[in-house]
Amino acid sequence: MAGPFAALRLSCQDALQQRRAAGRSRCPRCGASRMFYCYSCHVLVQDLDPQRVPRVKLPLKVDIIKHPNETDGKSTAVHAKILAPDDVTIYTYPSIPEFYKPDKVLLVFPRPGSLTLEKLMEKQRCARLGLPPIESSDHSREEHAAKRMKCLHGSQPIPGEKKVAGVAPFERAVFIDCTWNQTNKIILDERLQGLQCVELRKHETHFWRRQKGKPSTYLATIEALYYFLEEYEQLVLARPPTGSYDDLLFFYSYMYGLVHSAKADKLYHD
Ligand SMILES: [Zn+2]
């Protein structure tokens, strides 16, 4: 596969190719005519063998809160549910999950007070070491900064640091799936206040349904989940990237290819 997904370790997409060549199939639950999966019931169509669609295991549970007005067919949240069914739950607002341990939850959304995962991990480590927070503006800031850098990047164990090896620092990540004009109502919901917000580093979207007037860094939900997990693996789990989550883009990359080859065809024939 060429294009932006060329470097991904994706499962074979022949089943999608064959499915598409055969024309639409049906949803085994509601009977609707669909191509690959039913976006209302979050299941594969009856003529797509589940054995030929990858299953992805995620390092934490993922809740996706969907705006009720968001058109199901345009949402990529369902990709996550189908590809990682054991770990992903989709809620339709105003239904939202109960957060029993809010300090173990990350809300992946850029708002005032949100941090990149890198900054968040640094902040948490500083707190464990009893070092001043990053924002500190005391006189010995430079000295502290130097000490902090030494601690953060040194290979020696740090006296007094409580080891938390084996304990996952976070258990859930929450995403909001709707157009950016609809997010305000959800993000201001009091049940989501007090959760730590994280923002992703800048990634460009490849979504073919770009929202008018929005910057290219506004990601489709499946892209946001994918990039979040990549950063999470590297920065929180401290593992080198393994491509374990690449298959989350199984449908997305295929559809991207279709849309772009259709555009190319059109240009060629016009
Ligand atoms: Zn259905």
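## A first stop: A238

A238 sits in the loop between helix 6 and helix 7. Its phi is near 55 degrees, a positive value in a residue other than glycine.

## What you are looking at

This is a predicted model, in which local features need pLDDT of at least 70 and side-chain atom pairs count only at pLDDT 80 or more, while totals for chains, interfaces and linings use all residues. Residues are numbered from 1 along each chain as its sequence is written.

The chain has 7 helices and 10 strands. Helices (H or I, at least four residues) and strands (E, at least two) are DSSP runs, numbered from the N terminus. Of the 270 residues in the chain, 24% are buried. Among contacts with a separation of 6 or more, 68% join residues 24 or more positions apart; two residues are in contact if their C-beta atoms, placed from the backbone, lie within 7 Å.

## How confident is the model?

The predictor's confidence in each residue is its pLDDT, on a scale from 0 to 100. The mean pLDDT of the chain is 85, and 83% of the residues reach 70 or more. Residues 136-140 have a pLDDT below 50, and this stretch has 3 contacts in the model beyond near neighbours in sequence. Residues 154-165 are also below 50, with 5 contacts beyond near neighbours in sequence. Where pLDDT is low, the predicted coordinates should not be read in detail.

An open sheet of 6 strands runs in the order 6-5-9-7-10-8, with parallel pairing. Strand 6 (88-92) and strand 8 (115-116) stand at the edges with a single partner strand each, so one side of each has no neighbour in the sheet. Two strands count as paired if DSSP finds at least two bridges between them.

Strand 7 (residues 105-108) is joined to strand 9 (residues 172-177) by 3 bridges, and V105 stands opposite R172 in strand 9. Another 3 bridges join strand 7 to strand 10 (residues 196-199), where C197 is the bridge partner of L107. Strand 10 is also joined to strand 8, by 2 bridges, and there V198 is the bridge partner of L115.

Helix 6 (residues 221-236) lies across strand 5 (61-66), strand 7 and strand 9, running at about 155 degrees to strand 9. That angle is taken between N-to-C directions on a scale from 0 to 180 degrees, using axes fitted to C-alpha atoms, for helices over the stretch in contact.

The largest nonpolar core has 52 residues, and those with the most contacts inside it are A80, V108, F175, L225 and L248. Such a core is a set of buried Ala, Val, Leu, Ile, Met, Phe, Trp, Tyr and Cys residues joined through C-beta atoms within 7 Å. Helix 6 gives the largest share of this core, 8 residues. Leaving out residues up to four places away in sequence, A80 touches V62, I64, V88, I222, L225 and L248.

## Y245, a buried loop residue

Like A238, Y245 is found in the loop between helix 6 and helix 7 (250-269). Y245 counts as buried because it has 24 C-beta neighbours inside 10 Å. Beyond residues up to four places away in sequence, Y245 touches V56, Y226, L229 and E230. Y245 and P59 are 186 residues apart in sequence and 9.9 Å apart in space, C-alpha to C-alpha.

## Helix 1 and some backbone details

The buried residues of helix 1 (residues 14-21) are A15, L16 and R19. Seen down the axis, they fall within an arc of 100 degrees, so they line one face of the helix; the arc is that of the directions from the helix axis to the C-beta atoms. The face turned away from the buried side carries the exposed residues D14 and A21. Just after helix 1, G23 takes a positive phi of about 85 degrees.

H42, in the loop between strand 3 (37-38) and strand 4 (43-44), has a phi near 60 degrees, a positive value in a residue other than glycine. With 19 C-beta neighbours inside 10 Å, H42 counts as partly exposed. Finally, the peptide bond from Y93 to P94 is cis, with omega near 15 degrees, and P94 lies in the loop between strand 6 and strand 7.

Methods:
A residue is buried if 20 or more other C-beta atoms lie within 10 Å of its own, exposed if 12 or fewer, and partly exposed in between; C-beta atoms are placed from the backbone.
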